Amino acid sequence: MNDNLQKKILDKVKTLPPMPQIAAKVIQICEKPNFNFSEVIMLVSKDISLTSSILKFANSAAFSPVSEVTDLRQATTYIGVNNLKNLVISISLKSVYNKTFDFISQKIWEHSIAVSIFSRLLALLKKPEIATEVFTLGMMHDIGQIIFKTSVPEYSEFVETAFNNNIPLSEIEKNFIGFDHAELGGYTMKTWKMPHLFIDVVYFHHQYLQSKFKDHSVILTYANNIVKSLSDCIDKVINEADIEYCEEVLKISKAEKDELINNFMEIYKKEKEIFELK
Ligand SMILES: [Fe+2]
Ligand SMILES: [Fe+2]
């Protein structure tokens with residue numbers, strides 16, 4: 001364990017681009033019970049790239065509108081304010097990833113998108129009321145890995161060691177750094193003043209039984225493990241016991257699982273480019 005390194009990493013979190021202003025304001029406004037719909041639209045429309053990403057999303061396979069959605073008000077009515085809020089957060093996160101465009105970052109980003117999409121599909125089936133929240137959690141859960149990547153020079157070697165020896169990445173991180181990407185992710189959510197739900201679920205995403213938000217955590221854990229089994233990612237160790245436990249809690253039948261995986265593969269292929277880095 002290296003105190004200097006730990007300090008350097010935690011300092012790095014403070015220098016990250018803050019949760020961008022627009023996203024932070026959108027969260028604030030949407031949390032008021034009688035928020036003003038037009039206020040949200042006006043705020044988002046100030047950011048052209050955000051607006052175009054939202055339009056792309058409203059027209060994507062996930063929502064498959066009957067006719068093309070062409071303006072922000074129409075898009076918001078169509079996807080709902082909750083989706084809009086979560087989308088704004090997710091798109092804003094790209095600014096953190098964009099700073100470190102390399103193979104490992106690309107893999108973490110792809111994994112995050114995949115977990116988001118799978119979590120949302122699963123929630124729509126079992127807990128529709130939290131579908132948009134688990135989508136955002138999927139995007140954020142491994143953000144600690146990206147921060148390690150940008151602040152620990154040996155991190156690529158840690159990733160390689162974990163990958164080649166089939167060891168959970170968290171284990172290597174704890175041994176060499178003193179804390180893992182889940183703890184660092186929770187700390188980042190706190191620094192960004194994200195709601196408690198995000199701090200808790202990200203912090204406990206590898207110890208989901210300790211989370212106070214059981215539904216969110218079980219869905220995220222299941223999605224994380226299934227996505228790992230379907231695509232190559234840097235932290236590839238799958239926990240079969242977790243998969244079984246989540247299937248039992250969520251009452252996922254074999255037929256539902258197969259259908260979920262099929263839907264996921266189809267949507268993931270089509271939606272990957274919406275969130276493309278660069
Ligand atoms: Fe993780
Ligand atoms: Fe993950």
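A residue is buried if 20 or more other C-beta atoms lie within 10 Å of its own, exposed if 12 or fewer, and partly exposed in between, with C-beta atoms placed from the backbone. By this criterion, I143, G144, Q145, I146, I147, F148 and K149 are the buried residues of helix 9. The model is predicted: local features need pLDDT of at least 70, side-chain atom pairs count only at pLDDT 80 or more, and totals for chains, interfaces and linings use all residues. Residues are numbered from 1 along each chain as its sequence is written, while chains are lettered from A and ligands numbered from 1 in the order in which they are written.

**Domains and their contact**

- The protein is divided into domain 1 (3–17 + 99–275) and domain 2 (20–95), with bounds that come from an automatic or database domain assignment.
- The centres of the two domains, taken over C-alpha atoms, are separated by 23 Å.
- Domain 1 contributes 11 residues to the contact and domain 2 contributes 14 residues; two residues are in contact if their C-beta atoms, placed from the backbone, lie within 7 Å.
- On the side of domain 1 that touches domain 2, helix 8 (131–140) and helix 16 (254–271) each supply at least two residues, and the largest share, six residues, comes from helix 8.
- Helices are DSSP runs (H or I, at least four residues), numbered from the N terminus.
- This side of domain 1 comprises six nonpolar, two polar and three charged residues; Ala, Val, Leu, Ile, Met, Phe, Trp, Tyr, Cys and Pro count as nonpolar, Asp, Glu, Lys and Arg as charged, and the others, Gly among them, as polar.

**Nonpolar core**

- The largest nonpolar core has 71 residues, of which I54, V88, F118 and A223 touch the most other members; such a core is a set of buried Ala, Val, Leu, Ile, Met, Phe, Trp, Tyr and Cys residues joined through C-beta atoms within 7 Å.
- Helix 7 (residues 103–126) gives the most to this core, namely 10 residues.
- Domain 1 and domain 2 each provide at least three residues of this core.
- Apart from neighbours within four places in sequence, I54 is in contact with V44, L72, A75, L84 and L87.

**Helix packing and burial**

- Helix 9 (residues 143–151) is mostly covered, since seven of its nine residues are buried.
- The axes of helix 1 (residues 3–15) and helix 12 (residues 181–191) come within 10 Å and cross at roughly 35°; axes are lines fitted to C-alpha atoms, for helices over the stretch in contact, and angles run from 0 to 180 degrees between N-to-C directions.
- I9, V13 and K14 of helix 1 meet L184, Y187, T188 and T191 of helix 12, a contact made up of four nonpolar, two polar and one charged residue.

**Individual residues**

- Y208, in the loop between helix 13 (196–203) and helix 14 (214–230), counts as buried because it has 21 C-beta neighbours inside 10 Å.
- Leaving aside neighbours within four places in sequence, Y208 is in contact with S217, V218 and T221.
- E244 lies in helix 15 (residues 240–250) and counts as exposed, with 10 C-beta neighbours inside 10 Å.
- N166, in the loop between helix 10 (155–165) and helix 11 (169–176), has a positive phi of about 55° although it is not a glycine.
- K251, in the loop between helix 15 and helix 16, likewise has a positive phi of about 55° without being a glycine.
- Most residues other than glycine have a negative phi.
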